[in-house]
Amino acid sequence: MSKTFAIIRREFIARVRTRTFLITTLLLPVFMVAVSVIPALMMRGGDRTTRIAIVDATNDGFGARVESALGSESLSGKPDAPKRYALNRVAANGHMVAVRDSLVALTGENPAQHPETFDGVLVLGDSMLQTGEAEYLGTNTSGLESMGSLEGSLSRVLRETRLANSGINPAVLKDALRGADLKTTKVSGGKATGESGAASFMIGYFMAFVLYLGVVLYGQQTMMSVIEEKTSRIMEVLASSVRPFQMLLGKVLGVGSVGLLQMSIWGGTVYLVTSQRVRLAGLVHVSPDAMQQFPIPTMSAGLFAIFLAYFILGFLLYGALYAAIGSMCNSTQDAQQYVAVLTPLLMVSFFAVFAIFKDPTGGIGVPMSMIPFFSQIAMPVRWSLSAVPPLQLVISLTLGVLALLGVTWVASRIYRTGILMYGKKPTFGEIFRWIRAK
Amino acid sequence: MSTPAVSIDHVTKRFSGHVAVRDLSFSVPAGGIFGLLGPNGAGKSTTIRMIMDIIEPDEGKISLFGSAASSRDLSARVGFLPEERGLYKKMKILEHLAFLGEVKGMRVSDAKSKADKWLQRLGLGDWGQKKVEDLSKGMQQKVQFAGALIHDPELVILDEPFSGLDPVNLQVMKDVVVEIARSGRTVLFSTHIMEQAERMCDRIVIIARGEKVVDGAVTEVKAGFGDRNIALTFVSGKEAAERILADRAMVAKCDDYGASAEVSMVAGVNPQSLLAALVGAGVGLSRFEVIEPSLQAIFIAKVGNAGVAPANAEAA
């Protein structure tokens with residue numbers, strides 16, 4: 001056992017020391033933090049008061065209503081926050097085009113040097129109330145959000161004015177116009193988890209991606225490490241002191257523990273970023289409110305555990321097979337032919353995720369989360385989306401472990417013969433004979 | 001005699017289509033240096049791999065130290081240098097040696113201090129923290145050699161240990177091998193270079209085409225070969241000498257070069273009697289040397305050139 005441990009440790013240290021490990025480990029958390037903070041940082045640039053001149057050609061007080069509606073808006077929706085707009089209403093008095101053009105001439109200057117200038121000119125024509133048509137001439141008209149917000153505000157004033165003109169009480173009106181606000185929260189084990197539906201989707205997708213990538217990357221690394229041992233002929237020294245099964249075990253567990261470390265760092269970062277994001281926002285001077293606008297998923301401790309458990313199971317299952325493939329080959333090119341047997345399994349397990357998103361407890365989701373070779377992605381994703389009955393989890397894990405035992409048995413038999421085979425790559429018939437040999 | 005370190009009993013190994021080792025039996029006594037000789041492709045490496053339990057014989061039995069356990073279970077007592085050298089290129093030398101010690105069952109700390117001692121001994125003391133790939137080929141060979149010996153095995157099995165070494169490193173490794181044998185431990189090494197075996201080995205086995213051709217102590221093998229020559233250089237009394245050398249009861253053949261001659265004795269006649277006869281006749285000699293047949297000569301005589309397989313069949 002201490003020999004197996006020596007192999008595990010060698011493999012672990014050799015891998016953790018590489019630059020690749022360092023870079024990939026650091027890059028994902030940096031990416032995660034960036035994805036959650038940068039949008040908020042970016043949006044912050046738009047959070048300043050926009051100076052608008054209103055050319056008012058309306059003759060029924062509609063322009064004044066618009067001015068007061070826009071004037072009451074603040075940047076973050078709170079009453080004490082800075083105003084969203086600084087307004088200056090100019091009556092057109094029949095010279096709409098001339099007034100508009102004279103105001104347009106005042107746009108685009110630096111507000112610090114020319115406080116009398118504007119960011120944009122909003123033109124409200126005399127038929128505005130009927131046609132709903134208005135014109136905005138601004139230095140920045142491509143800001144989708146700010147333009148959308150302006151349009152929304154105008155629409156609201158239009159709606160309210162038209163309805164009020166039809167004799168409807170504004171108070172009733174306000175009440176009637178209040179929309180539905182559907183909050184989705186995932187329920188698990190009879191308890192609300194505090195995860196929103198959108199967040200569950202994101203975390204599920206993220207996990208599926210990382211699990212798929214993790215198994216493929218670490219599986220390939222195991223395979224290449226075996227091939228390297230074969231080509232560097234270190235194999236004979238090892239084979240004379242260590243059993244092939246110990247070598248296989250040491251190799252798979254060594255690479256696997258590197259994977260587990262990396263996954264823990266990644267998963268842990270997600271956990272920290274999502275649970276501490278308000279504090280994180282404070283560090284980069286982004287208002288917590290801005291942060292909360294983005295549906296950043298939160299990862300519960302239970303989900304984190306399931307994620308790691310299924311990563312271990314899935315990696316060991318595929319890792320043993322990748323190692324067996326490595327043992328049969330003398331170059332990575334040779335190995336591709338056999339890897340092609342594993343790739344469809346992994347692809348199916350990844351794409352099944354989309355069926356699970358559609359219906360986590362449906363005819364694809366439930367069996368996929370039970371069947372080994374697929375469950376390592378399907379189960380964590382299902383878990384993140386819906387409540388999983390404990391019995392199903394037990395069945396899934398039991399089947400997984402049974403499959404693992406079977407696969408390890410087959411893999412160690414291929415490995416035993418394969419590692420000392422040089423020359424041409426074996427046919428599938430030969431591999432079958434290796435497995436059956438005493 | 002004590003239990004042999006290695007005993008090989010009617011072992012046969014076939015590879016798809018051809019027999020690599022055929023009904024081979026020999027035993028390596030504990031202590032001393034044992035040479036496994038043969039041309040390329042004779043089955044030396046196959047035999048060694050079977051001894052190391054890397055491959056299993058199809059027939060026959062191999063035991064180490066008279067134990068029924070497989071040599072892998074006894075690997076803490078056996079050191080092995082395979083013919084195909086290989087190290088992890090990215091690993092640091094000291095850690096690599098320690099790792100090789102660990103898979104032989106040593107404790108990490110013991111393995112590290114031992115590794116350090118070996119590096120000092122082989123003149124690589126400053127290289128411990130360097131990576132394997134930074135070393136020259138000769139240095140890598142030495143590291144591998146140290147790796148086979150790091151756990152102080154009582155049986156050391158070296159497959160072609162001296163191939164590809166420069167004279168300086170060759171000397172260093174020879175000294176180590178001789179020292180191991182002197183300390184009462186056993187060295188089994190294979191080679192196709194007869195001069196090496198002749199100078200170092202106590203006992204040898206020569207195999208060709210997978211079969212044993214010669215087996216025994218080097219002195220016995222040479223004595224048993226018979227064909228002994230005597231080299232003479234004359235100072236005076238050449239005429240008297242010619243009469244004695246013409247005596248076909250004692251001298252089978254004589255190549256006379258004038259001032260010197262090379263003589264083959266009749267089988268069973270002691271070279272001492274020739275010396276006595278020459279001295280008795282008043283012949284002045286500056287040289288009287290019994291030339292033993294070289295292993296090379298014995299090898300060629302026993303195996304013949306036909307025994308030398310083409311070089312590309314070496315993998316067997």
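Where in chain A does Phe373(A) lie? Phe373(A) lies in the loop between helix H15 (365-368) and helix H16 (375-385) of chain A, where helices (H or I, at least four residues) and strands (E, at least two) are DSSP runs, numbered from the N terminus. This is a predicted model, in which local features need pLDDT of at least 70 and side-chain atom pairs count only at pLDDT 80 or more, whereas totals for chains, interfaces and linings use all residues. Residues are numbered from 1 along each chain as its sequence is written, and chains are lettered from A and ligands numbered from 1 in the order in which they are written.

**Loop residues with positive phi**

- Phi of Phe373(A) is near 80 degrees, a positive value in a residue other than glycine.
- Phe373(A) is buried, with 20 other C-beta atoms within 10 Å; a residue is called buried if 20 or more other C-beta atoms lie within 10 Å of its own, exposed if 12 or fewer, and partly exposed in between, with C-beta atoms placed from the backbone.
- Arg233(A), which is not a glycine either, has a positive phi of about 60 degrees, and is found in the loop between helix H8 (197-231) and H9 of chain A.
- Arg233(A) counts as partly exposed, with 15 C-beta neighbours inside 10 Å.

**Contact between chains A and B**

- Chain A brings 16 residues to the contact and chain B brings 22 residues, two residues being in contact if their C-beta atoms, placed from the backbone, lie within 7 Å.
- On the side of chain A that touches chain B, the elements that give two or more residues are helix H1 (2-16) and helix H9 (235-241) of chain A, and H9(A) gives the most, with six residues.
- The residues on that side of chain A divide into eight nonpolar, three polar and five charged, with Ala, Val, Leu, Ile, Met, Phe, Trp, Tyr, Cys and Pro counted as nonpolar, Asp, Glu, Lys and Arg as charged, and the others, Gly among them, as polar.

- Four strands of chain A form an open sheet in the order S2-S1-S3-S4, with mixed pairing; two strands pair if DSSP finds at least two bridges between them.
- The edge strands are S2 and strand S4 (134-138) of chain A, each of which pairs on one side only.
- Neighbouring strands of this sheet are turned by 20 degrees against each other on average, direction ignored, where axes are lines fitted to C-alpha atoms, for helices over the stretch in contact, and angles run from 0 to 180 degrees between N-to-C directions.
- S1(A) and S2(A) pair in the parallel sense over seven bridges, and Ile52(A) stands opposite Leu87(A) in S2(A).
- Helix H3 (residues 62-71) of chain A packs on the sheet, touching S1, S2 and S3 of chain A, and its direction makes about 170 degrees with that of S2(A).
- H4(A) lies across S1, S2, S3 and S4 of chain A and runs at about 165 degrees to S1(A).
- In helix H4 (residues 96-104) of chain A, the residues Val99(A), Arg100(A) and Leu103(A) are buried; they cover an arc of only 100 degrees around the axis, which puts them on the same side of H4(A), the arc being that of the directions from the helix axis to the C-beta atoms.
- The buried residues of H4(A) pack against strand S1 (50-56), strand S2 (85-91) and strand S3 (120-124) of chain A, while Val97(A) and Ala98(A) are exposed on the other side of H4(A).

**Nonpolar cores**

- The largest nonpolar core has 140 residues, of which Ala323(A), Leu97(B) and Ile157(B) touch the most other members; such a core is a set of buried Ala, Val, Leu, Ile, Met, Phe, Trp, Tyr and Cys residues joined through C-beta atoms within 7 Å.

**Chain B**

- The secondary structure of chain B comes to ten helices and 13 strands, and 38% of its 316 residues count as buried.
- Strand S11 (residues 251-256) of chain B and S12(B) pair in the antiparallel sense over five bridges, and they form a hairpin with three residues between them, where Gly258(B) in the turn has a positive phi of about 90 degrees.
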